[in-house]
Amino acid sequence: MKKRFVILAGILAVSIAAAGCGDKDDDTDETAVEATSAPTPTVTAAVVQMETIESETEEIENVMGTKTETSSSVIITNELGYTISEFYVRANTDDDDTDTWGDDLIDGAFTLEDQEKAIYYYEPDQTDEDGNAVTLWDLWVRFSDEDVSSCFFRKLPLSTIETIRLCIEGDDDDWIPYAIYTTTGSATEVSTLQEVRQRLGLDDEDEDEDEDTEATPTPTPGVTEEAQATATPVPAEEPADTTTSTDDTDDDEETDPAAEVAAQYIGQSLDALISACGSPNGSDYQNEPETGETGYHYYDTFTVSTSVDEDGNETVAGVW
């Protein structure tokens, strides 16, 4: 009987000791886990930053396109003064045929009120029918009010744009639609208003009116036209020279399409021009007392000059 009691007591002691070892091992494991997980704040911070970035786009309820792992996005603000009901995007072309625009990206899902924002997801690496990479895009918007004319926005370097504001100048049927956008990594806004005015020929008309006014001499009372023509210098030759020079310039542009494309980006960022024309063969910069830092970028058939501001933003100043 005593022998059995001793055996049972020994078993109980071993059990208690085993239980105590288990607690010690657990404590050791917890210490190891804590030591391993201690340097993780960096990972946590990255996750918080990602959530912050996602929340900025999640605040925009109006979504066009499909978000994928490879898609890019651009935030669009309606500053046209009317409610947008249809939105189309296509690779740049001069064709206004509505059959070439594809599907309406809104498609009744929402209407974009004046001053409201929408986010558009798209695949950046796209090619045209000839297999060339698409660098310029056109936008077309239609309004809920059918009496308001639709608006076109052409030759936008969409793949470099982060935010874009759709604007108009003028009223009613005489308005000019244009865009103001920022490129990725730059706070400088680029306006297409001047480029649109040039494309519509409005600047040329203004210059022609000024030339006509200067070329017409004021009649002098009591002097015949023949005498006046002899006595008063007639500035008609200067506009004639200007016209000839313009024609020569047009001929040069026709023989050099690349320079013609580059000239359309005067006043816009250098990044936008590079997206359309490719990278230059070489570049150099000079500091000039009056104009500050100026960049010169050399292509095969033309040169691009740029102005650089204090923040390093580079704007196209001229093409020749």
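Reply: This is a predicted model. Begin with a charged pair. Arg154 forms a salt bridge with Asp138, with the closest N and O atoms 3.8 Å apart.

Me: Why does the pair of Arg154 and Asp138 tie parts of the chain together?

Reply: Look at where each residue sits. Arg154 lies in strand 6 (residues 151-156) and Asp138 in strand 5, so the pair ties together parts that are 16 residues apart in sequence. Both Arg154 and Asp138 are buried.

Me: What is the general idea behind such pairs, and which other residue forms a salt bridge with Asp138?

Reply: Side chains of opposite charge can pair when their charged atoms come close. Here, Asp138 also forms a salt bridge with Arg90. Their closest N and O atoms are 3.5 Å apart. This pair links distant parts of the chain: Asp138 is in strand 5 and Arg90 in strand 3, 48 residues apart. Arg90 is buried, and so is Asp138.

Me: How many salt bridges does the whole structure hold?

Reply: A search finds seven. One of them joins Glu79 and Arg165, whose closest N and O atoms are 3.0 Å apart. Glu79 sits in the loop between strand 2 and strand 3, and Arg165 in strand 7. The two are 86 residues apart, so read this as a link between distant parts of the chain.

Me: Next, the rings. How do I describe an aromatic pair?

Reply: A pair of aromatic rings is described by the distance of the centres and the angle of the planes. This structure holds ten aromatic pairs. One of them is Tyr82 with Trp175, an edge-to-face pair. The centres are 5.8 Å apart, with 65° between the planes.

Me: Where do Tyr82 and Trp175 lie?

Reply: In two loops. Tyr82 is in the loop between strand 2 (72-78) and strand 3 (84-91). Trp175 is in the loop between strand 7 (161-169) and strand 8 (176-183). They are 93 residues apart, and their pair links distant parts of the chain. Tyr82 is partly exposed, at 30% relative accessible area. Trp175 counts as buried, at 13%.

Me: What is the geometry of the pair formed by Tyr88 and Trp140?

Reply: That pair is stacked, at 4.7 Å centre to centre and 25° between the planes. Tyr88 lies in strand 3 and Trp140 in strand 5 (residues 137-143), so the pair ties together parts that are 52 residues apart in sequence. Both Tyr88 and Trp140 are buried. Ring pairs also link Tyr88 and Trp140 with Trp101 and Phe152 in a cluster.

Me: Now the surface. Which residues form a negative patch?

Reply: Glu61, Glu113, Asp114 and Glu116. Find Glu61 in the loop between helix 2 (41-58) and strand 1 (63-64). Its relative accessibility is 75%, so Glu61 counts as exposed.

Me: Last, helix 3. Which of its residues are buried?

Reply: In helix 3 (residues 193-200), the buried residues include Leu193, Glu195, Val196 and Arg197. Then check the backbone just after helix 3. There, Gly201 takes a positive phi of about 80°.

Terms used. Residues numbered from 1 in each chain as written. Predicted model: local features only at pLDDT ≥ 70, side-chain atom pairs only at ≥ 80, totals over all residues. Heavy atoms only, no water. Patch = residues over 30% accessible without salt bridge, like charges linked within 9 Å, V, L, I, M, F, W, Y side chains within 5 Å. Areas by Shrake-Rupley, 256 points an atom, 1.4 Å probe, with all protein chains shown as cover. Salt bridge = Lys/Arg side-chain N within 4 Å of Asp/Glu carboxyl O. Lys, Arg positive; Asp, Glu negative; His and termini not counted. Charge placed at Lys NZ, Arg CZ, Asp CG, Glu CD. Helix = DSSP H or I, 4+ residues; strand = E, 2+ residues; numbered from the N terminus. Buried < 20%, exposed > 50% of the residue type's maximum accessible area, 1.4 Å probe, protein only. Phe/Tyr/Trp six-rings, centres within 6.5 Å; stacked < 30°, edge-to-face > 60°.
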